[in-house]
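Visitor: I'd like to learn how to read a few features of a fold. Could you walk me through some?

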Amino acid sequence: MKTLAATAMAAGLAGCQAGFDPGSVPDAAEGEIVRVEPPCWWVGMKTPLQLLIQGPGVQEYDLKIEGKGLTVKQIHKAPNPAFIFVDVEVSAAAKPGTAWLVFSKGEGRFKLPYEIGQRREGSAERGSFGTGDMIYLINPDRFSDGDPGIDSTATTIEGVHRRRPGGRHGGDIQGMIDHLDYIAELGATAIWPTPLLEDNDSSYSYHGYACSDYYRIDPRYGTNELYCEFVRKAHAKGLKVLLDVVTNHCGLMHWWMKDMPFPDWIHMNDPYFTTNHNFSTLLDPNASEHDRKIMTDGWFVPSMPDINLENPFVLKYFQQWAVWWIEYANLDGFRVDTFPYNDKYAMSEWCKAVTDEYPHFNIMGECWIHYPDQLAYWQGGNANKDGFDTHLPTIMDFPLNDAFNSALAKPKRGKGGDIYDIYQSLSHDFIYHDLDNMLIFFANHDCARLGDVIGRDTGSMKIALALLATLRGIPQLYYGDEMMFSTGSSQRDDGKLRMDFPGGWKGDRIDLFSARGREAAAKADTTWASAAELHDYTAKLFNWRKTSSAVQKGKTLQFVPRDNAYGFFRYDGSQTVFVFVNNSYEERPVPWSDYGEIASGLGEGVDIVTGQKIALSDETSVPAKSALVVEWR
């Protein structure tokens, strides 16, 4: 590494000494060692362990690790004399328990405990999320305030101010725990909360994307232990949990911004420059190195320092951190923020490190790209001409997201959106090599609420939900869209679109978490007139989806739309599902005879929403702004 002025100390630093007596060495005094990361480890891991140890003058000490099967192999001195990076071998003979880091200089010695844990049975072979799941995306600060006592804390700067759209509102982990039943009953099978790690910025800290401590849950959300309890209780309800991780940038308040191990721990741009946000430079064979550097080394915004993953110690830090959280909290998946903004080669190594440890673990990358050919480049295993492989299993289908919003948009000057946009988006499926590992969505925390885009039209919302439940890929639903949350404007406004869930705060006039509350809300406020109807429609679709092999793993056969109406089939060896979407403002017949190549002989099916048997023909018509979903088994 070009900036590594450090030397590696000789590895003759013996591991465990038989009969070591912890009482023979005093504990470290306060301040002698500031931090050790990762804070603990486990036996039986494939991932090599490298400890970051920070302390004043720490490079002046020799170091042993006292614990069976543990050996200090090498010590790397960072340019900053307050940091060392310690390679520790955890052999097959290692046993769970407390090991001791013993620091010595001359006659003086002190020790720190370091816990080595026992892995859960089958941890390495853990499953993950996939096409059998529906992922429910939550902004934790805006979902439910389960513990008002931690809305503001002594160790964090920004306090709660619920009236400010960009302020903290007090939602927390306990609030998510309190409403696990609501999420499960809706038909979701996985939860993706936006980042929960500490973000100690003085403003806009609620979104969590400017981390100030990668190993600590933000105390305004709860504790590390409470997060683990959340995962346990979610699992007990049949819900998987994804961690939203950010490797591209941290926050200005991160502890290392005051004391960095290496001068190039982050991209120290002087003078400052912002990324050009131009992903094409990373795959364009004609792109200049100048533009590529601005793309990857430029900061996202001035308040988010850009991490330098090209430094191997930084990359190792983030690889271990990812593995640590999976093992520590028993996680089921990752969502990676701003994936292409990172150095792509480093992120390929990062993904591979995670899946080497957990071969079945799924990682979803945010690649906000509108062109299918450029998006396909970022999915692991794609046959890229330059030979590059991201090792990223799942990509987010932003082109389909665009199609949802254009196809269902509120009419302007008498003309509405055309469902042909959905058909056209899916016609590009030949570009993608793994359709099962594509996340599909019509809105998320960075997009305008679909309710606003469609002008709060209940029929259009039902069409969106029906498509989300039946199209190929892994569906993700943004919290509240099951009841058409909206802000009153189709222009993106982050603080407003990430709105509070009514009923999540003590004293809320409206409670949309309960059936009784939804019925009362419809009577009290026209805003929620269709909330109960849409909620129940969503629950019907996605609970049915759990049973549908054709939707989860089947093939797609689609037919060219006409008159703003669109028919397609999902099918496998045991089930056929037919979806007919009438996006027009007039009743439309189902052109059943056009579908003879697959529909011939199907006979009577079942309307999955009403449960009624139905025999389709050219005489069958579908009302304006509605969707019909029929299955044959």
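This is a predicted model: local features need pLDDT of at least 70, side-chain atom pairs count only at pLDDT 80 or more; totals for chains, interfaces and linings use all residues.

Visitor: How many residues sit between strand 24 and strand 25 in their hairpin?

Guide: There are 5 residues between them, and in that turn Gly-611 has a positive phi of about 80°. Strand 24 covers residues 604–607, strand 25 covers 613–615, and their antiparallel pairing runs over 3 bridges. Look for Val-606, which faces Lys-613 of strand 25.

Visitor: Which strand is joined to strand 24 by 2 bridges?

Guide: That's strand 27, residues 626–632, also in an antiparallel arrangement. Here Asp-607 stands opposite Val-630.

Visitor: On to helices. How are two packed helices described?

Guide: By the angle between their axes and the distance between those axes. Take helix 5 (residues 312–329) and helix 6 (residues 344–357): the axes come within 10 Å and cross at roughly 35°. The crossing is right-handed. Helix 5 contributes residues including Phe-318 and Ile-326, while helix 6 brings, among them, Trp-350 and Val-354. By class, the contact counts 9 nonpolar, 1 polar and 2 charged residues.

Visitor: Is Thr-538 buried or exposed?

Guide: The cut-off for buried is under 20% relative accessible area. Thr-538 has 0% relative accessibility, so it counts as buried. Thr-538 belongs to helix 14, residues 531–545, and its side chain reaches the backbone oxygen of Leu-534 at 2.8 Å. Setting aside neighbours within four places in sequence, Thr-538 touches Leu-186, Leu-465, Leu-477 and Glu-482.

Technical notes:
Residues are numbered from 1 along each chain as its sequence is written. Side-chain values use heavy atoms; hydrogens and water are left out. Two strands pair if DSSP finds at least two bridges between them. Helices (H or I, at least four residues) and strands (E, at least two) are DSSP runs, numbered from the N terminus. Buried means under 20% relative accessible area, exposed over 50%, partly exposed in between (1.4 Å probe, protein chains only). A polar contact is a pair of N or O atoms within 3.5 Å; within protein, one must be able to donate a hydrogen and the other to accept it, and residues adjacent in sequence count only if both atoms are side-chain atoms. Contact means heavy atoms within 4.5 Å. Axes are lines fitted to C-alpha atoms, for helices over the stretch in contact, and angles run from 0 to 180 degrees between N-to-C directions. A crossing is left-handed if the near helix is turned anticlockwise from the far one by less than a right angle, and right-handed if clockwise. Ala, Val, Leu, Ile, Met, Phe, Trp, Tyr, Cys and Pro count as nonpolar, Asp, Glu, Lys and Arg as charged, and the others, Gly among them, as polar.
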